[in-house]
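Dear colleague,

I am passing on the structure below, together with some notes on its side-chain interactions. Please read the notes with the model open beside you.

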Amino acid sequence: MHRGERRAKRPNAVMSVFVFLLVSVLAGALSAGLALPFAGLAGVTTATAHDTVQYLPQDLKTAPLAEKTIIQDAAGKTIATLYQQNRTPVTLKQISPVMLKAIVAIEDDRFYEHGAIDAKGTLRALLRNQSSGGVQQGGSSITQQYVKLNLINKARTPEEVKEATAETYERKIAELRYAIAVEKELSKSQILNGYLNLAFFGDRSYGVEAAAMHYFGVHAAKLNLPQAAMLAGLVKNPTGYDPIDQPVRAKARRDVVLRRMQELNIINAKQAAEAIKTPVIDPGKVRVAPSGCANSKYPFFCEYVVSKLKENAAFGKTPEDRENYIETAGLVIKTSLDQKIQAAAQTSINQHSKAGDQAVAAITMVEPGTGLVKAMAQSRSYGSKKGQTAYNFNVEKSYAGGFGGFQNGSTMKAFTIAAAIAKGVPTTYRINSPQTISLGGKEFSTCSGPTSVDSYNPTNSTKTIADPSMVDAAKASTNTYFLQLSEQIGLCPIATIASKLGMYDAQLLKPLKQVVSFTLGSAGLITPLMLSNAYATFAARGMYCNPQIVTSVTVIKTQKAIPTPGPGCHRVLSPGVADGVNYVLHQVMINGGTGSKLNFGKSDLAGKTGTIQENQAVWFSGYSSKLAAAAVVGDADPPAENLIKQVFNGKKLKDASGSGTAGPIWETAMQAALQGIPTSKFVKPDDKIIRGNVKDLPYLKGMTPADAGAKLLSMGFKVVMSHGDRVDSDAPAGTVAWTNPRQEDGAPAGSTVTLIISNGSKAQPTTPPTVPPTVPPVPPTAPPTIKPPPNIPTCLPQIPKCHPRHGG
């Protein structure tokens, strides 16, 4: 381009529209609203109009309407609503005809007569605005308003919203051209329908359906004359004419609409007068559509649902994109929540704790075999007031509200039991387990090599027999037994099984540490959700399922299902191993086990107590084959301190234990949750799981060591005498009190059986016979000599330490 040439100047925007409208009015051509009025006009006027309007925008790209999302429980009942705009789109047939007439009457009474632009009205407004030096009068048609609402709906940033609502000529000009394009594509009915679904009616109500439900409790199809007039009047100024906060102004505005409808002969004088007499709204019928999890009946569960949804890449690339999609896409989120079981859990929490306690209580309940999380309850309610919290004590710290768990104490022993049984250790396996043992310097194998500690002298918190079996140790929660068992089988098999059952550090979101005290629950922080789901795996005979919170997601408008992660159920333990764990933990609930006071009903129950160091948290986790639950009571205010002397259930705790503090929460919740569910029993494990590959032992109690030894030798066993002193027993002194292994346990073929000899301290004294006085006394005779079988000497050389004191 030469310097002497000039670039064509873009026409003044206001002048462009002024010329456009003026020509349109003169020509009368905009009644169709589809094209510029070139035909019939001469010369410069037509050329000027053409040159100016060619710069205006052409196509209006609309965005999907923001719709509310509904979260439902397992039965399909709404438990929460999420939205940025409370809106339920409806078709024109779903809107009362009187509502359509009212909105047209007050907003654009020539809507069906003019084209995209009411040229006369807009020209009048432009002239008035030019004379006043600003934008004072709109003159917008319903089509133009529809355009504006679409531009606002499409805006995604504050800057875009500001641009879409700016009171400038540039925006007005863009709306005018967009409006022409819209009326080329859509019918008047479609435009009116779209407008009524987009319009804001105040108090977070977008669209006529949401507004009708909010203010009157009726669907848009059922709106009557005064109701329709009130809503029609609201769109001009939803805040200024708010019928809740400004009832007088709202009524005055509604009555303006009614009178306008009368002027246009839409209604007669009588109808207008009767409608004017009615109250603007009935406050008792106003329905608030609460939004967000904070307004849900189950806020903690709801927040966890949303956090899990944000992990789904199907909803967007980033967490922000996913959150926006969830709140605007109009979804139905179906969850696993069972309100009956949830009520059982919360009622139990409320019965055994108080919201203002220093210590907190929480419980999660899971269905075995599906992973469905049926309930999640805690003692502190949702909120920021005293005694409230935003922390969910049931879940991991994978989102802002997750507390991140507590150490879980001896509930960890269940995984040691599983690993031992998987390695072929029978449940009758005995280990000498004194009250205190020294493990300093002892090497424990891990998945990455040996580990040890310089000094470690663990003790038992309960009394137990000297050589407990696995069942005995589980019933009494014998620490020294399980520590020695974990040393023998190695930490790696235990940690591997725990990991397969979904156990990891809920605070660090990392694998549990394979430390010497792993079996005592000091490997990381665990949540009730995590532990209940792991124990549900035992109940499901080794079938592990990921915890299921969200079961389905459906788009309301299209009924299209959006894929969500499933439970991914898969086998992690053989049925036999799981049956063995169930057998051992079932014994905890009966015959004096630590959970025996929590046993109820006719169904088989299994469980395990847990208490962490210095009583900072106590647990009870247990299950039937139908439902599993884990309850915890702990200090949730760091640094965590001993629960003893802390206030719980309204009083200071004098003692804290898994069975006595957390156990009652578990029992009450489970008892109510299982009510009405058929009785269930665990599958009895194979005898090899319980006793190992063993032969039966004979009953030897009260026999002499020689006779007992001969009997055992004849059956192919080896025999030794106990190294210790004689033991308290009700067997006669010098006879066999019991054997090790025990008679009921059996022993592997050819293995060694130890004879334990009684001191007779508990034996019943023998009462001499009463002799009648007429019979002369019988002179005492020497006791008969008991001769051993000819082939077995009185003192067996196969029995070490055989001497007269021990039954020679």
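Predicted model: local features only at pLDDT ≥ 70, side-chain atom pairs only at ≥ 80, totals over all residues.

Residues are numbered from 1 along each chain as its sequence is written, and side-chain values use heavy atoms, with hydrogens and water left out.

Salt bridges

The structure holds 19 salt bridges, a salt bridge being a side-chain nitrogen of Lys or Arg within 4 Å of a carboxyl oxygen of Asp or Glu. One of them joins Lys-251 to Asp-255, with the closest N and O atoms 2.8 Å apart; these two residues are four apart in helix H11 (residues 247-263), and are thus separated by about one helical turn. Helices (H or I, at least four residues) and strands (E, at least two) are DSSP runs, numbered from the N terminus. Lys-251 is partly exposed, at a relative accessible area of 28%, whereas Asp-255 is buried at 5%; here buried means under 20% relative accessible area, exposed over 50%, and partly exposed in between (1.4 Å probe, protein chains only).

Lys-308 and Glu-396 meet at 3.4 Å, N to O, with Lys-308 in helix H13 (residues 299-309) and Glu-396, 88 residues apart from it, in the loop between strand E7 (388-389) and helix H16 (413-422). Asp-745 and Arg-430 meet at 2.9 Å, N to O, and this pair is 315 residues apart, Asp-745 lying in the loop between strand E19 (736-740) and strand E20 (752-757), and Arg-430 in the loop between H16 and strand E8 (444-446). Asp-745 is buried, with a relative accessible area of 6%, and Arg-430 is buried as well, with 15%.

Strand E3

Strand E3 (residues 331-335) has a covered face formed by Leu-331, Ile-333 and Thr-335, and an uncovered one formed by Val-332 and Lys-334. Strands count as paired if DSSP finds at least two bridges between them. E3 pairs in the parallel sense with strand E1 (residues 69-72) over three bridges, and in the antiparallel sense with strand E11 (residues 550-555) over five bridges.

Aromatic rings

A search of the whole structure finds 17 aromatic pairs; rings of Phe, Tyr and Trp (its six-membered ring) pair if their centres lie within 6.5 Å, and planes under 30 degrees apart count as stacked, over 60 as edge-to-face and the rest as tilted. The rings of Tyr-215 and Phe-216 have centres 6.4 Å apart and planes at 55°, so this pair is tilted, and both residues are buried. The rings of Phe-300 and Tyr-382, with centres 5.4 Å apart and planes at 70°, are edge-to-face. Ring pairs also link Phe-415, Tyr-535, Phe-538, Tyr-623 and Phe-682 into a cluster.
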